There are 2 protein chains.
Amino acid sequence: MRIGELARTTGTKVETIRFYEAEGLIPAPARTRGNYRDFDGRHLDRLSFIRRSRDLGFTLDQVRVLLRMADNAQRSCEEVDAIAREQLDQVDRKIADLRSLRVELSGLVNQCQQGTIAECRILEALRPRQ
Amino acid sequence: MRIGELARTTGTKVETIRFYEAEGLIPAPARTRGNYRDFDGRHLDRLSFIRRSRDLGFTLDQVRVLLRMADNAQRSCEEVDAIAREQLDQVDRKIADLRSLRVELSGLVNQCQQGTIAECRILEALRPRQ
DNA sequence: TATAGACCCTCTAGTCACTAGAGGGTCAAG
DNA sequence: CTTGACCCTCTAGTGACTAGAGGGTCTATA
């Protein structure tokens, strides 16, 4: 399987796959006579794992740990759980932050009366000491 | 006012202030005999405006536009409103994304039974083709 | 007067997770 | 034999800072 096909089946950009290989997240694949990368099913699985984890918001460093865990079937699952919980906490914090931001922003937006800049309430709200 | 004091009063790091100056977001201040930056009230106002905008999630490019608007009192306030509305839309989209992410993640976290990696449901959920 | 310590300077490179581009090579179809 | 899709490597750019090296300035105290 060439890199373009792998990219299409996983919804990843070609450059990103090469980047993951350079970062050691997926093993270097075999090469064809023409020096094209030749991926197999294990590469596909590993890349899908990485993409799914990234979609869930895990950092590449977290993904690295998860991959190491996944390769190490005997160890306890505690660390995996901790990483997932930490991620969940972060998501909760981000949601809370964005909610309070939303309140402020929609306050701004609703004040705009379409006048000139001189009387713009948005800019006024951004300006210090009123 | 030296850079450290400006940093403390605005809650900005010293390096960030220098960065804003290099980016042209705040004008280059006067210098003391010892080549220290010497800021005045206008710098403080402008930096506060920038920080407040950044806290509200505007990008530096958006801040640049807002600053240009604020310096230009005759023009219509439309563009300011558009920028604020776009930012609000983005915040709404981010919140929605994070909410659905949260559903998935909390599903994962609640499945962990603290066994070994081999039976870890989190890793299973990340793994492709079950 | 010497020196310690807090503060400041410039310049460069690093962060994260890619993304884009230059400048080239390979391969199958027409 | 040429076109065009695809592939290669390598370098640099993105956003918004952040950190560090290697130095200079200023004030207070011994």
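Student: How do α3(A) and α4(A) lie relative to each other: parallel, perpendicular or oblique?
Tutor: Helices here are DSSP runs of H or I, at least four residues, numbered from the N terminus. The axes, lines fitted to C-alpha atoms over the stretch in contact, come within 10 Å and cross at roughly 135°. Angles run from 0 to 180 degrees between N-to-C directions; under 35 counts as roughly parallel, over 145 as roughly antiparallel, 65 to 115 as roughly perpendicular and the rest as oblique. Therefore α3(A) and α4(A) are oblique to each other.

Tutor: A quick note: this is a predicted model, where local features need pLDDT of at least 70, side-chain atom pairs count only at 80 or more, and totals for chains, interfaces and linings use all residues. Residues are numbered from 1 along each chain as written, with chains lettered from A and ligands numbered from 1 in the order written.

Student: Which residues of α4(A) make the contact with α3(A)?
Tutor: Contact means C-beta atoms, placed from the backbone, within 7 Å. From α3(A) come Phe49(A), Ile50(A), Ser53(A) and Arg54(A). Their partners on α4(A) are Val63(A), Leu66(A) and Leu67(A).

Student: Which helix gives the most to the side of chain B that touches chain A?
Tutor: The contact takes 48 residues from each of chain B and chain A. On chain B, α3, α4, α5 and α6 each supply at least two residues. The most, 20 residues, come from α5(B).

Definitions and conventions: Two residues are in contact if their C-beta atoms, placed from the backbone, lie within 7 Å.
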